[in-house]
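Please look through the sequence and the 3D structure shown here.

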Amino acid sequence: MYEHYIALDWSKSNMAIARITKKGKKAYVEDIPSNISYLKDYLKNLKGKKILTFEESTSSQWLYSELKSCVSKLLVCDPYRNHLLSEGAKNDKIDATKLVYLNKAGLLKEVYHSGDDFIDLRKLVSGYNDVVKSLVRLKNQRFSVFQSVGLDHKTDEFSSTNISDDFVLSRSEQLIAHQER
């Protein structure tokens, strides 16, 4: 059991913070300009155990890293599983209010986030996968240009009078060589 249930709807320009106590029935909500320092102070000034939730988004990992030490539990939730948020009127204050009630009721599906130790590794693996996918796409493009004029890309020398084929092939080969380096 937590003394404070807090929900955050964060965007680049503003944030809505909804809070309800363990005995409270009505959520208190404020909608203010986004400010991570203010948010940290707000959370640290709340006495007792507190749980904070916000929806998975592009800024979730950053928020997770910044706010983890300010609360007893941080729950990043799956926005596609929160059907109540998609119904009815929508704005940041309403979303944060609905989210805090779902949080207090224990009805949120958590999305896994790790500490900073694994972030660099995850970024490296993700970047590597992107490069490999790009390289495969380029090699498939090169293969298609050869195949479109009836040549084998492994054994034949490319020759075509089509300027667009020459352009696509030369750029593909440059990018392939660059990515393989």
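Helix axes are lines fitted to C-alpha atoms over the stretch in contact, and angles between N-to-C directions run from 0 to 180 degrees. Helices (H or I, at least four residues) and strands (E, at least two) are DSSP runs, numbered from the N terminus. The model is predicted, so local features need pLDDT of at least 70 and side-chain atom pairs count only at pLDDT 80 or more, while totals for chains, interfaces and linings use all residues. Residues are numbered from 1 along each chain as its sequence is written, and side-chain values use heavy atoms, with hydrogens and water left out.

**Helix packing**

Two packed helices are described by the angle between their axes and the distance between the axes. The axes of α1 and α2 cross at roughly 45° and come within 11 Å. That makes α1 oblique to α2. Angles under 35 degrees count as roughly parallel, over 145 as roughly antiparallel, 65 to 115 as roughly perpendicular and the rest as oblique. The crossing of α1 and α2 is right-handed. A crossing is right-handed if the near helix is turned clockwise from the far one by less than a right angle, and left-handed if anticlockwise.

Contact means heavy atoms within 4.5 Å. On the α1 side, I36, L39, K40 and L43 meet W62, L63, E66 and L67 of α2. The residues of this contact of α1 with α2 divide into six nonpolar, no polar and two charged. Here Ala, Val, Leu, Ile, Met, Phe, Trp, Tyr, Cys and Pro count as nonpolar, Asp, Glu, Lys and Arg as charged, and the others, Gly among them, as polar.

A further pair is helix α5 (residues 119-148) with helix α6 (residues 163-180), whose axes come within 9 Å and cross at roughly 150°. That makes α5 roughly antiparallel to α6. The crossing of α5 and α6 is left-handed. Residues of α5 in the contact include V131, L135, L138 and R142, and those of α6 include D165, V168, L169 and I176. The contact of α5 with α6 divides into nine nonpolar, five polar and five charged residues.

**Nonpolar cores**

A nonpolar core is a set of buried Ala, Val, Leu, Ile, Met, Phe, Trp, Tyr and Cys residues joined through side-chain atoms within 4.5 Å. Buried means under 20% relative accessible area, exposed over 50%, partly exposed in between (1.4 Å probe, protein chains only). The largest nonpolar core has 19 residues, of which L8, L39, L43, L52, F54, L67 and L74 touch the most other members. The elements that give two or more residues to this core are β1 (4-10), β2 (14-21), α1 (36-45), β4 (50-55), α2 (60-67) and β5 (73-77). The largest share, four residues, comes from α1. Not counting residues up to four places away in sequence, L74 touches L52, F54, Y64, L67, K68 and E110. A second, separate core of 16 residues includes Y5, A7, I20 and A96.

**Single residues**

Where is V100 found? V100 lies in helix α4 (residues 92-105). V100 is buried, with a relative accessible area of 0%. Leaving aside neighbours within four places in sequence, V100 is in contact with Y5, I6, A7, A18, R19, I20 and A27.

A18 is found in strand β2. A18 is also buried, at a relative accessible area of 0%. Not counting residues up to four places away in sequence, A18 touches Y5, I6, A7, Y28, V29, A96, T97 and V100.

K47 sits in the loop between α1 and β4. K47 is exposed, with a relative accessible area of 64%. Residues up to four places away in sequence aside, K47 touches E3 and H4.

S144 has its place in helix α5. At 40% relative accessibility, S144 counts as partly exposed.

| Pair | Apart in sequence | Apart in space, C-alpha to C-alpha |
|---|---|---|
| V100 and I17 | 83 residues | 9.0 Å |
| K47 and E3 | 44 residues | 7.9 Å |
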